[in-house]
Amino acid sequence: MLLASLLLFTSPAEAQLSSNFYDSSCPNALTTIRSGIQAAVRTEQRMAASLIRLHFHDCFVQGCDASILLDDTPSFTGERTARPNANSVRGYEVIDGVKSQLESQCPGVVSCADIVAVAARDASEAVNGPTWTVNLGRRDSTDASRAAAESDLPGFNDPLDRLVERFDTKGLSARDMVALSGSHTIGQARCATFRGRIHNNASDIDADFAATRRQQCPSAAGNGNDNLAPLDLVTPNSFDNNYFRNLVERRGLLQSDQVLFSGGSTDGIVDEYSRDPAAFSSDFAAAMVRMGDIEPLTGSRGEVRRVCTAVNAAA
């Protein structure tokens with residue numbers, strides 16, 4: 001494993017967040033989170049990918065504020081049912097379980113947003129992926145927005161220029177984007193998200209790979225939508241750089257994966273990562289830190305929810 005050095009870069013959020021935020025107020029917080037995440041991944045290895053993705057989908061909408069965890073209320077429709085999240089984002093119950101343990105130890109201290117951020121790091125570690133130091137001190141939002149989730153989250157059919165634009169809007173570079181996409185070295189995708197790619201007979205997909213994936217994903221819309229396929233067919237449960245090797249061989253499962261290596265501006269980064277796993281690991285860790293620093297609520301903004309699914313007034 002490779003520990004990213006946080007001395008290489010500084011963001012405004014880092015001035016307010018601190019890796020030792022809970023050292024006095026809840027000294028066993030990180031140990032409790034790690035134990036919960038390790039147990040969840042032992043029970044279902046796919047959960048590692050799900051928890052990393054949960055953090056990503058949280059941070060890209062209103063910042064890293066745990067807004068994705070909120071249930072709908074009479075005053076807002078939350079993010080869970082947004083198109084990029086519905087029947088797709090997982091791991092809510094894992095976060096809820098860890099939060100319950102922390103509330104019994106340190107009531108009202110550890111935010112749901114920080115739990116989600118630490119869970120992503122611990123999930124990566126649990127499958128022998130990169131590790132990094134998580135900045136802490138985020139507070140939780142008191143609202144959520146389905147509309148924001150549908151407008152801000154990348155889509156599985158987005159072209160390269162749209163993906164670059166989406167990440168740039170969040171303060172992340174094209175290199176960050178490619179590194180973060182490498183989390184697709186683990187996890188699975190639903191047939192509905194890659195049906196078009198494997199059935200369109202395009203030149204950017206390996207024919208044998210497409211034929212294999214068609215066996216469990218029929219061409220007819222609505223038929224087998226929820227059938228799952230590993231994002232990395234070769235080493236689906238190993239956090240490695242094989243995702244990038246797949247892209248070079250035109251074996252990216254999602255269209256938004258393959259566009260990273262399709263004759264465009266990110267080809268060189270994909271090629272580098274396919275040959276240099278250490279570079280990928282280092283860049284992934286650094287990009288996760290930067291993503292975790294997107295627009296956090298600190299100080300008196302937001303709140304520390306008692307339960308992650310509801311604001312305190314309604315908890």
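Predicted model: local features only at pLDDT ≥ 70, side-chain atom pairs only at ≥ 80, totals over all residues.
Residues are numbered from 1 along each chain as its sequence is written.

Start with helix H2, residues 47-59. Helices here are DSSP runs (H or I, at least four residues), numbered from the N terminus. The expected span is 1.5 Å times one less than the number of residues. For the 13 residues of H2 that gives 18 Å, and the end C-alpha atoms are 18 Å apart, so the two agree.

Now look around H2. Twelve of its 13 residues are buried, so the rest of the structure largely encloses H2. Buried means under 20% relative accessible area; exposed means over 50%, and partly exposed lies in between (1.4 Å probe, protein chains only). Among the buried residues are Met47, Leu51, His55 and Cys59. The cover includes helices H1, H3, H4, H6 and H13. Contact means heavy atoms within 4.5 Å.

Follow H13, residues 277-292, to helix H7, residues 174-181. Their axes, lines fitted to C-alpha atoms over the stretch in contact, with angles from 0 to 180 degrees between N-to-C directions, come within 8 Å and cross at roughly 105 degrees. H7 and H13 are therefore roughly perpendicular, a term for angles of 65 to 115 degrees. Arg175, Asp176, Ala179 and Leu180 in H7 meet residues of H13 including Phe280 and Asp283.

H13 also holds Ala278. Ala278 is partly exposed, at 47% relative accessible area.

Definitions and conventions:
Heavy atoms only, no water. Helix = DSSP H or I, 4+ residues; strand = E, 2+ residues; numbered from the N terminus. Parallel < 35°, antiparallel > 145°, perpendicular 65-115°, else oblique.
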